[in-house]
Structures are given as structure tokens and as C-alpha cells.
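Let's take a look around this protein together. Have the sequence and the 3D view open as you read.

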Amino acid sequence: MNSMYSGRACSRFAALVSLLSLFAFVGCGGSGAQGKLTGKVLYKGQPVTGGSVIFRPSTASENTVTAPILPDGSYTATVPAGVVKIAVDNRELQPPEATAKKEPRPNLPKVGNVGTGTPDPRVNPQKPAGTYIKLPDKYHDVASSGLSYTVKSGAQTYNIELEEAK
């Protein structure tokens, strides 16, 4: 009698493992097709020399993808196939305001990599690469940028051309 119950338990366990394996194979939503986008980000015909390109798929189950803009204006991103909304944001390159009042630095004990000659990135984070170019604010958010692209499976080139605000 015990062998009958253990046989059912094994069958149920095997069915559960099979079902979980299927979910792991299929993944969470989406078709799984992806496109590898490469291109340049241009503003008034000139390369945007730093910042990020943000791709938000129209399918809610797909994750937003962010790609860095290199100093020559180029980017590369692997994005789910389908329609994506696009934003370009380089505000992290914006210099601090020149009118900001300079406070004297407090005399704090040294922390981190004392004596190694290597700065601690937590104390002195690296400045992002690139030069700040003032972009119209609408391009900072996918909801207001007006930029979109239909990504196909495989490699493709898409240049993002930003226009001056009207």
C-alpha cells in the first residue's frame, strides 16, 4: 500500500518538476525575440557625446533597456523585438551650477583605500565620460520624447536624431 502512495507522489513530483522546467524555459512573458541595435545619437546633426539611451518596450512584461552613449555618439543595445519608446538623457554630465556657494570641506578622517594611492569610488565617484550638451527637456522621458522604433529580430542600425525644441 505504501508503494502505491509513493508512486503517486513520484508522479506528482515529476509533473511539478516538468511544469517548473517549462516555465523556466519559456520565461516570463514576451516572445524572446531580440534585436541588437547600433547607431548614433545626434542633436542638430552633431553627436551627443555622453549620457544614456533608454528603450521602453510597449509590452509591460519586458524590461526597460538602458545603453550608454559613447564619446563619439554611438550606442549599442540588445532590445526585445517590437515597438519601443525611446528617451535620451545626458543630465548626469551637466556641470554643477557656477553660482552654487562653495562650502568649506569638513575635516573628516580618511576612509577607504588609505595608503594605496587608489581613490575609494564610494568617496570620490568617477565622473561619467562625455561632454554635456543641453538637450530639450522633452527627450529625457519616454512619455514626452515622441521617439519610437519597431525593433526586429537580429542586428540593425538606428540613428536617433534629436531636433531643437520648437
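This is a predicted model: local features need pLDDT of at least 70, side-chain atom pairs count only at pLDDT 80 or more; totals for chains, interfaces and linings use all residues.

Which residues of the largest nonpolar core touch the most other members?

The largest nonpolar core has 23 residues, and the ones touching the most other members are Val41, Phe55, Ile86, Ile160 and Leu162.

Let's zoom in on phenylalanine 55. Setting aside neighbours within four places in sequence, phenylalanine 55 is in contact with Leu37, Thr64, Val65, Tyr75, Ala77, Val79, Val84, Lys85 and Ile86.

Four strands line up in an open sheet, in the order 4-3-6-7 and with antiparallel pairing. On average, neighbouring strands here are turned by 30 degrees against each other, direction ignored.

Strand 3 pairs with strand 4 over 4 bridges, in the antiparallel sense. Across from valine 53 you'll find alanine 67, in strand 4.

## Glutamine 156

Is glutamine 156 buried or exposed? Glutamine 156, which sits in strand 8 (residues 154-157), is buried, because its relative accessible area of 12% falls under the 20% cut-off.

A polar atom of the glutamine 156 side chain lies 2.6 Å from the backbone oxygen of lysine 152, and one lies 2.8 Å from the backbone oxygen of glycine 154. Beyond residues up to four places away in sequence, glutamine 156 touches Gly35, Lys36, Leu37, Thr38, Tyr149, Thr150 and Val151.

Conventions:
Residues are numbered from 1 along each chain as its sequence is written. Side-chain values use heavy atoms; hydrogens and water are left out. A nonpolar core is a set of buried Ala, Val, Leu, Ile, Met, Phe, Trp, Tyr and Cys residues joined through side-chain atoms within 4.5 Å. Buried means under 20% relative accessible area, exposed over 50%, partly exposed in between (1.4 Å probe, protein chains only). Contact means heavy atoms within 4.5 Å. Helices (H or I, at least four residues) and strands (E, at least two) are DSSP runs, numbered from the N terminus. A polar contact is a pair of N or O atoms within 3.5 Å; within protein, one must be able to donate a hydrogen and the other to accept it, and residues adjacent in sequence count only if both atoms are side-chain atoms. Two strands pair if DSSP finds at least two bridges between them. Axes are lines fitted to C-alpha atoms, for helices over the stretch in contact, and angles run from 0 to 180 degrees between N-to-C directions.
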